[in-house]
Amino acid sequence: DVPFIGGTLAINSTEEDAFTQRDIEILERFSQVISEACRRRDDLGALEHRNRELEVEITERKQVEEALQKHSHDLGERAKEQRCLYAISEAAGRADISQEETLHLIADLIPPGWHYPEITCARISWKGREYLSRGFLETKWRLASDLSVGDDQVGTVEVNYLEEKPKLAEGPFLAEERNLIDAIAGILGRF
């Protein structure tokens, strides 16, 4: 009997002294080879198991990374919207320029707050007059909010995209952009 990692290698004979020392050495070497093969099989099984675990971990990390990138992008968008509102509030509070100059300035401050500022233009309609951002064109990709002073509607504030973009919450616009334009209308309504 020759032990090996998976058990015992036994070769029996009914004859006495049927195996030479050389036969026994060959059987011992054979049992070593079988033992090594069993160890390698076990190691391979452990490696395959670890590879599956790593694949799951990599997939989970990619999902977390994608979620973090989305959250980071969304936070960037919210910061852009906040900067837009802040700039408009600052402009609306300026006493050193006329109301007309202020409305022109505000029209130019609106596009940078949008998801696609490079293709965004704005128009403020106020008591029958229009104040346009640079490059304004009326398009079918439009988001607007009524301007009211007290109970009286005095105009609208609107943004237009100059080219088609994927459909989002409200046409090509984010739900947060609806909130943004309504907030701008609120600021202008107190102007």
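Phi of D17 is near 50°, a positive value in a residue other than glycine. D17 sits in the loop between β2 (7-9) and α1 (21-92).

Before going on, a word on the model. It is predicted, so to speak plainly: local features need pLDDT of at least 70, side-chain atom pairs count only at pLDDT 80 or more, and totals for chains, interfaces and linings use all residues. Residues are numbered from 1 along each chain as its sequence is written, and side-chain values use heavy atoms, with hydrogens and water left out.

Now the overall layout. The protein chain has 3 helices and 6 strands, in the order β-β-α-α-β-β-β-β-α along the sequence. These are DSSP runs numbered from the N terminus, helices being H or I with at least four residues and strands being E with at least two.

Of the 191 residues, 31% count as buried.

On to contacts, meaning heavy atoms within 4.5 Å. Taking contacts with a separation of 6 or more, 56% come from residues 24 or more positions apart.

For those of you thinking about charges: the chain carries 24 positive and 38 negative side chains, and the centres of the two sets lie 7 Å apart. Lys and Arg count as positive, Asp and Glu as negative, while His and the chain ends are not counted. Each charge is placed at NZ of Lys, CZ of Arg, CG of Asp or CD of Glu.

Finally, a hairpin. Strands β3 (residues 120-126) and β4 (residues 129-132) run antiparallel and are joined by 4 bridges; pairing takes at least two bridges found by DSSP. W126 has R129 in β4 as its bridge partner. With 2 residues between the strands, K127 takes a positive phi near 50°. K127 also counts as exposed, at 58% relative accessibility.

Definitions and conventions:
Buried < 20%, exposed > 50% of the residue type's maximum accessible area, 1.4 Å probe, protein only.
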